[in-house]
Amino acid sequence: AKSAVKYLEAALVGTPTVATDLEPYRTIEHGRTGYLADTSDSWYASIMRLVAHPEHRRDVGAAARAAVLERDTTDTRAKQFAALLHRLSQRDA
(Lines give C-alpha, C1' and ligand atoms only; values in the text may rest on other atoms or scores of the structure.)
Protein backbone atom coordinates (compact mmCIF):
# COMPACT_ATOMS: atom_id res chain seq x y z
CA ALA A 1 0.00 0.00 0.00
CA LYS A 2 2.03 2.90 -1.31
CA SER A 3 0.89 6.47 -0.89
CA ALA A 4 2.10 9.82 -2.13
CA VAL A 5 2.37 11.30 1.37
CA LYS A 6 6.18 11.41 1.34
CA TYR A 7 6.12 13.22 -2.01
CA LEU A 8 3.49 15.67 -0.77
CA GLU A 9 5.42 16.42 2.42
CA ALA A 10 8.69 16.96 0.54
CA ALA A 11 7.01 19.09 -2.13
CA LEU A 12 5.40 21.38 0.42
CA VAL A 13 8.83 22.38 1.68
CA GLY A 14 10.29 22.64 -1.82
CA THR A 15 12.33 19.44 -1.74
CA PRO A 16 12.46 17.50 -5.01
CA THR A 17 11.62 13.78 -4.97
CA VAL A 18 12.91 10.80 -6.87
CA ALA A 19 10.20 8.16 -6.58
CA THR A 20 9.58 4.69 -7.87
CA ASP A 21 7.51 4.80 -11.05
CA LEU A 22 4.31 3.54 -9.41
CA GLU A 23 0.73 4.82 -9.51
CA PRO A 24 0.69 7.00 -6.39
CA TYR A 25 3.62 9.03 -7.73
CA ARG A 26 2.51 9.44 -11.33
CA THR A 27 1.29 12.97 -10.65
CA ILE A 28 5.01 13.81 -10.66
CA GLU A 29 5.97 15.37 -13.98
CA HIS A 30 9.31 13.70 -14.63
CA GLY A 31 12.06 16.30 -14.70
CA ARG A 32 9.74 19.18 -13.80
CA THR A 33 8.10 18.43 -10.42
CA GLY A 34 10.30 15.47 -9.49
CA TYR A 35 11.65 12.30 -11.01
CA LEU A 36 10.21 8.86 -11.58
CA ALA A 37 12.66 5.98 -11.65
CA ASP A 38 12.19 2.31 -12.46
CA THR A 39 15.76 1.03 -12.81
CA SER A 40 18.93 1.48 -10.82
CA ASP A 41 20.34 3.49 -13.75
CA SER A 42 17.36 5.87 -13.80
CA TRP A 43 17.56 6.29 -10.01
CA TYR A 44 21.25 7.11 -10.26
CA ALA A 45 20.79 9.51 -13.19
CA SER A 46 17.91 11.33 -11.47
CA ILE A 47 19.72 11.71 -8.16
CA MET A 48 22.94 12.82 -9.84
CA ARG A 49 21.08 15.42 -11.92
CA LEU A 50 19.65 16.93 -8.74
CA VAL A 51 22.99 16.78 -6.89
CA ALA A 52 25.03 18.23 -9.75
CA HIS A 53 22.64 21.07 -10.63
CA PRO A 54 21.58 23.11 -7.58
CA GLU A 55 19.53 25.59 -9.62
CA HIS A 56 17.62 22.75 -11.28
CA ARG A 57 17.11 21.17 -7.84
CA ARG A 58 15.59 24.44 -6.56
CA ASP A 59 13.42 24.78 -9.68
CA VAL A 60 12.09 21.22 -9.37
CA GLY A 61 11.39 21.71 -5.67
CA ALA A 62 9.56 24.99 -6.35
CA ALA A 63 7.54 23.43 -9.19
CA ALA A 64 6.60 20.48 -6.98
CA ARG A 65 5.46 22.83 -4.22
CA ALA A 66 3.36 24.88 -6.63
CA ALA A 67 1.77 21.75 -8.13
CA VAL A 68 0.86 20.33 -4.70
CA LEU A 69 -0.58 23.65 -3.54
CA GLU A 70 -2.63 23.86 -6.74
CA ARG A 71 -4.15 20.38 -6.70
CA ASP A 72 -3.67 18.73 -3.31
CA THR A 73 -4.78 21.15 -0.62
CA THR A 74 -7.69 20.35 1.66
CA ASP A 75 -9.77 23.05 -0.05
CA THR A 76 -9.11 21.66 -3.53
CA ARG A 77 -9.69 18.08 -2.46
CA ALA A 78 -12.91 19.05 -0.63
CA LYS A 79 -14.30 20.59 -3.81
CA GLN A 80 -13.38 17.47 -5.80
CA PHE A 81 -14.98 15.25 -3.15
CA ALA A 82 -18.15 17.37 -3.10
CA ALA A 83 -18.39 17.13 -6.89
CA LEU A 84 -17.97 13.35 -6.70
CA LEU A 85 -20.68 13.06 -4.05
CA HIS A 86 -22.99 15.19 -6.17
CA ARG A 87 -22.42 13.00 -9.24
CA LEU A 88 -23.00 9.84 -7.21
CA SER A 89 -26.18 11.20 -5.65
CA GLN A 90 -27.52 12.04 -9.13
CA ARG A 91 -27.08 8.43 -10.21
CA ASP A 92 -29.28 7.23 -7.36
CA ALA A 93 -32.01 9.78 -7.97
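1. The largest nonpolar core has eight residues, namely Tyr 7, Ala 11, Ala 19, Tyr 25, Ile 28, Leu 36, Ala 64 and Val 68, where a core is a set of buried Ala, Val, Leu, Ile, Met, Phe, Trp, Tyr and Cys residues joined through side-chain atoms within 4.5 Å, and buried means under 20% relative accessible area with a 1.4 Å probe and protein chains only. Two or more residues of this core come from each of α1 (5-12) and α3 (54-71), helices being DSSP runs of H or I with at least four residues and strands runs of E with at least two. A second, separate core of five residues includes Val 18, Tyr 35, Ala 37 and Leu 50.

2. This is a predicted model, in which local features need pLDDT of at least 70 and side-chain atom pairs count only at pLDDT 80 or more, while totals for chains, interfaces and linings use all residues. Residues are numbered from 1 along each chain as its sequence is written, and side-chain values use heavy atoms, without hydrogens and water.

3. Setting aside neighbours within four places in sequence, Val 68 is in contact (heavy atoms within 4.5 Å) with Tyr 7, Leu 8, Ala 11, Leu 12 and Thr 73.

4. The protein has four helices and two strands, which run α-β-β-α-α-α from the N terminus.

5. The C-alpha trace spans about 55 × 25 × 15 Å along its principal axes, and buried residues make up 29% of the 93 residues. Of the contacts with a separation of 6 or more, 44% are between residues 24 or more positions apart.

Terms used
Buried means under 20% relative accessible area, exposed over 50%, partly exposed in between (1.4 Å probe, protein chains only).
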